[in-house]
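Morning, everyone. Let me put the model on the screen, and then we'll walk through the ligand sites and a few backbone details.

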Protein chains: 2
Amino acid sequence: MPRQLHLNAFLMNTGHHEASWRLPESDPYAHVELDHYVRLAQVAERGTFDSLFLADGPQLWGTLAQRPAGALEPLTLLTALATATEHIGLIATASTSYNSPYNLARKFASLDIISGGRAGWNIVTTAGAEAARNFGLDAEPAHAERYARAAEFLDVALKLWDSWEDDAIVGDKAAGVWGDDAKIHPPRHKGAYFSVEGALNVPRSPQGYPLLVQAGSSEDGRAFAARYAEAVFTAQQTLPDAQAFYADLKSRTAAAGRDPGHIKVLPGIVPVIGSTEAEARANEQALEDHIVYTHGVDRLERLLQLPEGSLELDGELPTDLPPEDAIEGAKSRYTLVVELARRERLTVRQLIGRLGGGRGHLTFAGTPEQVADAIEEWFTQGAADGFNIMPAVLPSGLETFVEQVVPILRARGLLRTEYGSRQTLRERYGLPRPANQYSTQEPALV
Amino acid sequence: MPRQLHLNAFLMNTGHHEASWRLPESDPYAHVELDHYVRLAQVAERGTFDSLFLADGPQLWGTLAQRPAGALEPLTLLTALATATEHIGLIATASTSYNSPYNLARKFASLDIISGGRAGWNIVTTAGAEAARNFGLDAEPAHAERYARAAEFLDVALKLWDSWEDDAIVGDKAAGVWGDDAKIHPPRHKGAYFSVEGALNVPRSPQGYPLLVQAGSSEDGRAFAARYAEAVFTAQQTLPDAQAFYADLKSRTAAAGRDPGHIKVLPGIVPVIGSTEAEARANEQALEDHIVYTHGVDRLERLLQLPEGSLELDGELPTDLPPEDAIEGAKSRYTLVVELARRERLTVRQLIGRLGGGRGHLTFAGTPEQVADAIEEWFTQGAADGFNIMPAVLPSGLETFVEQVVPILRARGLLRTEYGSRQTLRERYGLPRPANQYSTQEPALV
Ligand SMILES: Cc1cc2nc3c(=O)[nH]c(=O)nc-3n(C[C@H](O)[C@H](O)[C@H](O)COP(=O)(O)O)c2cc1C
Ligand SMILES: Cc1cc2nc3c(=O)[nH]c(=O)nc-3n(C[C@H](O)[C@H](O)[C@H](O)COP(=O)(O)O)c2cc1C
């Protein structure tokens with residue numbers, strides 16, 4: 001069997017295009033209704049996707065006027081979807097800056113048990129002062145500090161998830177001995193950011209712990225990914241950039257002493273599909289026509305950390321923007337946007353049009369064959385182990401992808417045709433179940 | 001229609017009796033498996049219970065040897081049950097001492113939306129140093145301080161849940177206006193324990209916010225309940241004690257300016273059912289025979305804050321125990337246990353036997369008629385608005401209750417015979433949907 005593609009359905013509102021909610025087919029309340037997500041999850045399972053993914057930030061973004069705001073909290077929503085689906089992985093975003101390791105480790109372990117080993121965690125450090133101010137801080141912690149805290153958070157969480165050996169439960173009714181206390185390992189952690197004394201109050205879960213996913217592409221983000229991540233989401237605009245990112249991440253992972261095959265790289269793609277190329281472009285244009293450009297200017301000014309009113313819709317970006325080093329927010333996204341505008345000499349209006357669909361992810365308009373070709377090219381040319389599929393409009397964009405692109409990928413032998421026997425999310429991604437760091441058992445001879 | 005009983009199924013492990021896991025029928029892994037809870041939830045829905053309830057503490061209790069340890073995190077588990085049930089309320093315990101208001105408010109709002117208005121929060125302050133040490137503290141905060149933090153936590157959470165007015169979403173596609181920013185009210189809270197600036201990122205939920213439940217019976221606990229709680233769980237050993245508690249809580253609630261009908265008091269009862277009284281007592285004895293008394297001594301010493309080795313199995317409690325004031329842990333449970341032992345002159349062994357079933361809740365062994373009589377007596381004699389049903393063995397004890405006691409309660413007109421149309425949890429408990437504190441709308445004339 002040839003190497004298999006990994007597909008992750010990135011679900012967001014009525015679609016990743018910011019104007020998608022204005023289309024006649026869209027329900028403006030959909031993103032805060034369970035049924036919308038149940039339907040999407042079922043479509044993704046029909047398409048034998050590896051996983052579903054929900055992004056997150058603990059703050060209300062921007063204004064309500066401009067587009068759907070608010071969301072269902074991802075861990076909660078994905079837990080509800082666990083009982084409405086059978087095979088698909090469930091990847092929830094949660095912040096290391098605004099959670100406690102004990103609470104978060106419990107929730108992921110519980111979801112992993114409840115879903116039969118389908119939980120994944122998109123580990124983020126959360127940029128922005130808005131989030132910080134909801135958690136007692138005046139301003140966001142510095143980028144490097146957020147990543148330092150993230151690393152300690154992971155070390156503690158990994159200890160908690162391993163704090164029960166797999167065979168700690170004995171269940172000897174006759175003797176009245178339920179478990180073996182020698183197989184419990186309290187972390188007794190005291191560090192710069194956390195002290196956590198006791199063992200987790202959840203047994204080790206089917207996967208050992210959730211699939212660890214990461215989505216920051218800055219220098220610190222990549223270093224973190226090389227050390228901990230098993231899958232990486234990334235926004236890449238061109239094949240050469242994606243190849244460079246892929247090669248860099250694999251070699252950093254090897255340098256960190258890990259198997260580079262054990263980190264899967266998934267760039268995002270916003271497929272806009274038409275039965276002809278012209279129809280696909282017309283679909284793209286129909287979405288762009290619904291953009292409210294003044295709102296786009298506000299958001300771009302925030303991302304670029306410019307004062308309000310600095311950008312002109314029909315001008316270009318200022319030439320004296322600061323270097324990525326000076327940005328404390330989302331570093332890699334900043335660089336991507338600035339480079340995109342410069343490379344293609346886009347006006348602010350054109351840039352907003354380009355970002356409206358995928359916020360920096362690759363938007364690809366074409367026929368189902370062309371979309372499959374693009375996916376295959378990146379997959380076989382060292383740019384991707386799979387994709388974050390980010391439909392511009394939901395649910396229709398996911399339905400179209402599953403009905404029209406998935407069969408082509410299957411026919412080419414790139415994508416499974418069915419799930420087969422029950423597997424964990426980590427098994428689907430072709431990754432081994434992690435050993436327990438405290439385990440005293442000899443590894444089995446194979 | 002006569003006043004209606006409210007029934008809450010308190011689900012714990014393979015039952016509330018500490019030795020229940022040792023019975024032949026019990027699965028020692030059940031408490032960490034989803035299927036166990038799905039089955040229990042469905043039985044409780046057959047019995048037209050108002051709600052399910054899960055207790056919680058963010059620490060691993062005691063040793064594994066003695067009895068089933070660990071649990072699925074309650075908010076996670078109840079969210080999974082939301083999609084496996086249709087009518088029943090879902091009451092999750094969460095701690096105000098070890099959570100952030102923004103995170104917790106989001107999760108409950110999300111569960112309330114996902115379940116169609118069935119979420120409830122058992123608000124606890126969490127006694128014990130073990131929990132504190134999992135969250136960066138050396139020792140548990142003092143009792144009064146825990147309750148002061150709880151009150152501020154509630155004030156912030158209530159602001160967050162009201163931060164979207166009910167009609168904040170406009171959804172005007174033609175104008176490109178999704179929501180009305182004038183209907184968003186950031187808390188801008190700065191207090192002794194929390195500062196929380198921004199609005200919640202979840203719209204106002206079907207119930208406005210989860211049903212607020214409280215379970216501490218100390219002086220501080222009652223004051224807190226009178227101010228915030230809509231339902232109160234309590235452990236009461238005798239009818240006069242329960243009547244006194246009931247009257248006290250209702251009058252405190254009235255004194256706090258609230259309708260005393262808007263706080264429902266639910267004592268716990270552990271029904272041990274047999275077809276004759278003798279059979280019921282034999283069932284109780286069979287459970288007691290499985291108790292490992294040395295473990296019971298350890299736990300009792302902890303509760304009473306005595307040094308290890310102070311208690312003799314066949315002696316009585318020391319006469320010089322400290323007053324409740326000196327206890328920083330679970331104050332009201334301490335007093336209940338001490339009074340029970342003194343009133344009935346129990347040896348330590350007998351006390352452990354009595355606590356083995358319900359940890360201080362009323363254990364009642366009898367025929368289905370006798371159990372129904374006891375419930376009716378407390379319900380009609382000013383001791384209860386309903387009950388926390390705490391089966392000694394699960395699932396069988398809940399099944400027996402639903403098959404044998406529920407029909408009697410229904411025949412007496414005390415309990416609904418079916419759910420009827422979809423209702424929120426708060427409607428089931430006969431409570432009004434709370435108004436939004438920021439709402440600018442005139443109240444509707446009715
Ligand atoms: C597909 C994808 C999804 C992301 N999802 C989130 C998210 O849900 N929450 C978040 O705070 N950041 C998210 N990010 C952003 C990164 O996690 C990170 O915060 C951002 O890229 C800045 O990190 P960097 O400075 O290391 O580049 C996402 C990035 C990508 C590529
Ligand atoms: C039915 C019932 C359930 C309870 N559940 C919990 C719980 O899940 N977690 C917890 O920390 N305390 C729980 N408690 C204990 C109280 O919330 C409280 O912590 C304890 O009684 C001490 O409070 P007090 O000092 O105000 O009496 C429960 C009490 C009762 C009566």
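A word on residue classes before we start: Ala, Val, Leu, Ile, Met, Phe, Trp, Tyr, Cys and Pro count as nonpolar, Asp, Glu, Lys and Arg as charged, and the others, Gly among them, as polar. On that count, the shell around ligand 2 holds nine nonpolar, 13 polar and three charged residues.

Ground rules next. This is a predicted model, where local features need pLDDT of at least 70, side-chain atom pairs count only at pLDDT 80 or more, and totals for chains, interfaces and linings use all residues. Residues are numbered from 1 along each chain as its sequence is written, chains are lettered from A and ligands numbered from 1 in the order in which they are written, and side-chain values use heavy atoms, with hydrogens and water left out.

Ligand 2 first. Which residues are closest to it? They are B:Asp56, B:His143, B:Tyr147, B:Ser218 and B:Ser332, out of 25 that surround ligand 2. To be in that shell, a residue needs a heavy atom within 4 Å of the ligand.

Now the polar contacts, meaning pairs of N or O atoms within 3.5 Å; within protein, one must be able to donate a hydrogen and the other to accept it, and residues adjacent in sequence count only if both atoms are side-chain atoms. The side chain of B:Ser218 puts an N or O atom 2.5 Å from an oxygen of ligand 2. The backbone takes part too. A polar backbone atom of B:Lys331 sits 2.9 Å from a ligand 2 oxygen. For B:Ala215, a backbone N or O atom is 3.4 Å from an oxygen of ligand 2.

Helices (H or I, at least four residues) and strands (E, at least two) are DSSP runs, numbered from the N terminus. The most comes from α10(B), with three residues.

Over to ligand 1. It is surrounded by 25 residues, and the closest are A:Asp56, A:His143, A:Tyr147, A:Ser218 and A:Ser332. The side chain of A:Ser332 has an N or O atom 2.3 Å from a ligand 1 oxygen. A:Tyr147 brings a polar side-chain atom to 2.8 Å from an oxygen of ligand 1. From the backbone, A:Ser217 has an N or O atom 3.2 Å from a ligand 1 oxygen. In chain A, β4 (119-124), α5 (143-161), β10 (231-234) and α10 (331-343) each give two or more residues to the shell. Here α10(A) has the largest share, three residues. By class, this shell splits into nine nonpolar, 13 polar and three charged.

Next, a helix pair. In chain B, α1 (residues 34-46) and α13 (residues 396-411) pack at about 10°, axes 9 Å apart. Axes are lines fitted to C-alpha atoms, for helices over the stretch in contact, and angles run from 0 to 180 degrees between N-to-C directions. Angles under 35 degrees count as roughly parallel, over 145 as roughly antiparallel, 65 to 115 as roughly perpendicular and the rest as oblique. So α1(B) and α13(B) are roughly parallel. Contact means heavy atoms within 4.5 Å. On the α1(B) side, the contact residues include B:Arg39 and B:Leu40, and on the α13(B) side B:Leu398 and B:Glu399 are among them. The contact has five nonpolar, no polar and five charged residues.

Last, the backbone. The peptide bond from A:Leu394 to A:Pro395 is cis, omega near 5°. A:Pro395 sits in the loop between β13 (386-389) and α13 (396-411) of chain A. In chain B, the bond from B:Leu394 to B:Pro395 is also cis, with omega near 5°. And A:Thr48, not a glycine, has a positive phi of about 45°. A:Thr48 is in the loop between α1 (34-46) and β2 (51-54) of chain A.
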